[in-house]
Amino acid sequence: ASVLISGVLSDNGASRVILNLGIEKLIDIILTEEAVREARLGIKKKYPKSKIKLESLYVILSELKASIHRTPKSQSIKKFEGLISDPNDRHVLAAADQYKADFLVTLDRKHFFTPILKEAHLNFEINLPGEFFKKYRSSNNS
């Protein structure tokens, strides 16, 4: 949700660049229904009088429609209880695991960049948008 919101708010930040890479089918983006809902509610809450920002989100989501997947079931989410303190963020880890992501890209430093998660043996790497984009760019320049 944080990357979606950031991508809506900035036309040229790393979050928007990543979303555009997904729209251009240069990378596969995995969004969950819950992340989309959180982004929509977050924009409505922060910008209650701005229909333009919400419309921008909907334009991006319409381009990424095939990237939106079901939120994992509670049994899949439960296995991440000991890794992340915020129960509302566990579905993000579960989705990255369930949909076999290579990277989980987030701006949520507080919950996703903890010593516990750094030491966890996850099947995906957690990056900030800028970190992910640097890796993407260097792997495509080789």
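Predicted model: local features only at pLDDT ≥ 70, side-chain atom pairs only at ≥ 80, totals over all residues.
## Largest pocket

The largest pocket holds about 1100 Å³ of space. Its lining is made up of 43 residues, and those closest to the pocket centre are Val-3, Ile-30, Val-92, Leu-104 and Val-105. By class, the lining divides into 24 nonpolar, 11 charged and 8 polar residues.

Several helices and strands supply at least two lining residues each: H1 (2-9), H2 (14-23), H3 (33-46), H6 (90-98) and H9 (129-140) among the helices, with S1 (31-32) and S3 (103-105) as the strands. H3 gives the largest share of the lining, 8 residues.

## H2 against H9

H2 and H9, both of which contribute to the pocket lining, pack with their axes 8 Å apart and at an angle of about 50 degrees. The crossing of H2 past H9 is left-handed.

On the H2 side, the residues that meet H9 are Ala-14, Ser-15, Val-17, Ile-18 and Leu-21. Their partners in H9 are Pro-129, Gly-130, Phe-132, Phe-133 and Tyr-136. By class, the contact of H2 with H9 has 8 nonpolar residues and 2 polar ones, with no charged residue.

## H3 against H4

H3, the helix with the largest share of the pocket lining, also packs against H4 (residues 51-63). The angle between H3 and H4 is about 160 degrees, and their axes are 9 Å apart. Angles over 145 degrees count as roughly antiparallel, and H3 and H4 are therefore roughly antiparallel to each other. Their crossing is right-handed.

H3 makes this contact through Val-36, Ala-39, Arg-40, Ile-43 and Lys-44, while H4 uses Lys-53, Leu-54, Leu-57, Tyr-58 and Leu-61. The contact of H3 with H4 comprises 7 nonpolar and 3 charged residues, and no polar ones.

## H1 against H4

H4 packs with H1 as well: the two axes come within 9 Å and cross at roughly 115 degrees. H1 passes H4 in a right-handed crossing.

Leu-4, Gly-7, Val-8 and Leu-9 of H1 meet Lys-53, Ser-56, Leu-57, Ile-60 and Leu-61 of H4. In the contact of H1 with H4, 6 residues are nonpolar, 2 are polar and 1 is charged. Lys-53, Leu-57 and Leu-61 of H4 take part here and also in the contact with H3.

How values were computed. Residues numbered from 1 in each chain as written. Heavy atoms only, no water. 1 Å grid on protein atoms, 1.4 Å probe; cavity = no way out; pocket = protein on both sides within 12 Å on 5 of 7 lines; lining within 4 Å. Points joined across faces, edges and corners; volume = space filled by probe spheres on them. Helix = DSSP H or I, 4+ residues; strand = E, 2+ residues; numbered from the N terminus. Nonpolar A, V, L, I, M, F, W, Y, C, P; charged D, E, K, R; others polar. Axes fitted to C-alpha atoms, helices over the stretch in contact; angles between N-to-C directions. Parallel < 35°, antiparallel > 145°, perpendicular 65-115°, else oblique. Left-handed = near helix turned anticlockwise from the far one by under 90°. Contact = heavy atoms within 4.5 Å.
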